[in-house]
Amino acid sequence: MEWQNLLEPVKALAREAGELMTKAGEVTIHVKGEQDFVTETDLAVNDLLVEQLTEIFPEGKIFTEESDDHTLSKTGYTWILDPIDGTSNYIFDLQLSCVSIGLLYQQESILGVVYNPYTKEMFYATKGGGAFLNGEKITVNPVETVKDSIILCETNPYGDRTTSETQAAITRVFQHCIDYRVLGSAALDICYIACGRGTAFMSEGISPWDYAAGEVILKEAGGKSTRWDNSPLTYQGMQSYLASNIRVHDEMLSYL
Ligand code: LIP
């Protein structure tokens, strides 16, 4: 199957994964690291995604938050998956969690699907095909300054909290914006910038599975992303991340 024809099957798969999330009831939790958890539902969704994506598009190398191999295909396509982004939210039933399915060609995100089964909001895009929320085209908001903005932040909970720069950076931004929000799901944060609910999203440390799907959704919605030093994102390892409507990007970089 040509990658351009994958969008509908991937959306259907995301809905199936969402059913697993919302129907799971009491879940078993495993500790991966300091304040870093994985549930049996994460693992069940992971297995569903790996099995189905291997079947519909076997050319795609699989790279998931729960796999050991976090390297990209050297020649072609790589699926980068977060079975449940916002696992801590999921554990406490905050209902701000999603399944995130991204497809890269070499180092570029070309297809992205992010689905929140609680709100039934399906964000999706293909390179050159536009970005959508439940069938409606989406674009970043036209806000020109941070002063007139809601800024989305994440706290890099898996980083070293004794050396974290996050709180100082949020404080600097807070002195210049309407307010900030910490939702607990980077994949949803990026989609919220793409549809204009926030003007920029910042995190001192997120992983490729948090943004692989969101990247093409953000770009097709007219947004921009860089690391905090204005360098381009890579898909190797945890890194700082700033997404915006372009208009406030340079101002945001001055606070980070
Ligand atoms: C994470 C969130 C965390 C955020 C990370 C990532 P995970 O999702 O829990 O709040 O800062 O960027 O989105 O690891 O729970 O799937």
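Start with the sheet: 7 strands form an open sheet in the order β3-β4-β5-β6-β7-β8-β9, with mixed pairing. Strands here are DSSP E runs of at least two residues, helices are H or I runs of at least four, and both are numbered from the N terminus; two strands pair if DSSP finds at least two bridges between them. Before you click on, note that this is a predicted model, where local features need pLDDT of at least 70 and side-chain atom pairs count only at 80 or more, while totals for chains, interfaces and linings use all residues. Residues are numbered from 1 along each chain as its sequence is written, and side-chain values use heavy atoms, leaving out hydrogens and water.

Now select 61–64 and 136–137: these are β3 and β9, the edge strands, each pairing on one side only.

Next, pick helix α2, residues 40–56. This helix packs on the sheet, touching β3, β4 (77–85) and β5 (98–105), where contact means heavy atoms within 4.5 Å. The direction of α2 makes about 155 degrees with that of β4; axes are lines fitted to C-alpha atoms, for helices over the stretch in contact, and angles run from 0 to 180 degrees between N-to-C directions.

Hop over to 121–126 and 130–133: β7 and β8 run antiparallel, joined by 4 bridges. Ala 125 has Ala 131 as its bridge partner in β8.

Last stop, the ligand. Glu 154 has a side-chain N or O atom 3.1 Å from an oxygen of the ligand.

Definitions and conventions. A polar contact is a pair of N or O atoms within 3.5 Å; within protein, one must be able to donate a hydrogen and the other to accept it, and residues adjacent in sequence count only if both atoms are side-chain atoms.
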